[in-house]
Amino acid sequence: MKSNSKKIMVIILGVLLFLVGCGGSGDKRYQGQVLNFEQELTKATQQADKIGEQFIVIVDDFKNEKVSKEAAAERLKNLKKDMSRITDKMYATKVDDTLPSDIKEKLNDIKDRTAYAYFQKAKVAGHLATYLESKDQQELRFIDRNFKNFKEEMEPIKKGLKEVKQAVGIK
C-alpha cells in the first residue's frame with residue numbers, strides 16, 4: 001500500500017513538474033510578443049528622434065541666417081505634424097491579446113506614456129514656431145515645460161519595459 005502511495009506521489013510530482021515546465025515554454029511565447037512590441041515601439045521612437053534632431057538643425061540654420069524666420073517657423077510646424085503622426089503610430093502599437101492581463105496592462109501603459117512623451121516633444125516644435133513668429137516669452141516657458149514632461153516620462157517607460165521583460169524571463 002505504501003509502495004502505491006509513493007508511486008502516486010511520484011506521478012503527481014512528475015505531472016506538476018511537467019506543468020511547471022509547460023509554463024516556462026509559454027514564457028518563451030510571451031518573450032517573442034514582448035520583444036516584437038519593444039521592436040515596433042523602438043522603431044517609432046527612432047523615427048521621432050530623427051525628426052527631433054531636425055529641430056536643432058532648423059534653429060541653427062535660423063541663427064546662422066541660412067533661413068528666414070518665416071521659413072524656419074514653417075519647417076518647425078511641418079516637423080510638429082510629422083512628429084504627431086509618429087505619436088499616432090505609437091498609440092496604435094499592438095499589444096497582443098493573448099498576453100497575461102498584467103503584462104498587457106503594463107505594455108499598454110508603456111505605449112501610452114511613450115506616445116505622450118513624444119507628443120510633448122512635438123509640442124516643442126509648435127511652441128518654437130510660435131516663438132519665432134511672435135517673440136512671446138511665454139512660448140519659451142512652454143518649451144521648457146514640454147521638455148521636462150518628455151524627460152520625466154522616459155525614466156518610468158524604461159523601468160516599466162525592463163520589468164515586463166524580466167517578468168517574461170528576458171534579461
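## Overall architecture

The model described here is a predicted one. Its protein chain contains four helices and zero strands, so that, by the rule that numbers elements from the N terminus, the order reads α-α-α-α.

The protein chain has 171 residues, of which 36% count as buried. Among the contacts with a separation of 6 or more, 76% are accounted for by residues 24 or more positions apart. The chain exposes about 11,000 Å², and carbon and sulfur atoms supply 56% of that area.

## A nonpolar patch on the surface

Y116 takes part in a nonpolar surface patch together with Y91 and F119, and the accessible area of these residues together comes to about 270 Å².

Side chains of opposite charge can pair when their charged atoms come close. The structure holds ten salt bridges, and one of them joins the side chains of D61 and R75, with a distance of 3.5 Å from N to O. This pair links distant parts of the chain, since D61 lies in helix α1 (residues 2-63) and R75 in helix α2 (residues 69-92), 14 residues apart.

The two partners fall into separate classes of accessibility: D61 counts as buried because its relative accessibility is 16%, whereas R75, at 29%, counts as partly exposed.

## Salt bridges within single helices

In helix α3, R113 and D109 are four residues apart, which is about one turn of the helix, and their side chains meet in a salt bridge with an N to O distance of 3.9 Å. R113 counts as partly exposed at 27% relative accessibility, and D109 is likewise partly exposed, with a relative accessible area of 36%. These residues also belong to a network of salt bridges that links D109, R113 and E153.

In helix α4 (residues 137-167), K148 and D144 are separated by about one helical turn because they are four residues apart. K148 forms a salt bridge with D144, and the closest N and O atoms of the pair are 3.3 Å apart. Both partners are partly exposed, K148 at 47% relative accessibility and D144 with a relative accessible area of 41%.

Note on methods. Residues numbered from 1 in each chain as written. Predicted model: local features only at pLDDT ≥ 70, side-chain atom pairs only at ≥ 80, totals over all residues. Heavy atoms only, no water. Helix = DSSP H or I, 4+ residues; strand = E, 2+ residues; numbered from the N terminus. Buried < 20%, exposed > 50% of the residue type's maximum accessible area, 1.4 Å probe, protein only. Contact = heavy atoms within 4.5 Å. Areas by Shrake-Rupley, 256 points an atom, 1.4 Å probe, with all protein chains shown as cover. Patch = residues over 30% accessible without salt bridge, like charges linked within 9 Å, V, L, I, M, F, W, Y side chains within 5 Å. Salt bridge = Lys/Arg side-chain N within 4 Å of Asp/Glu carboxyl O.
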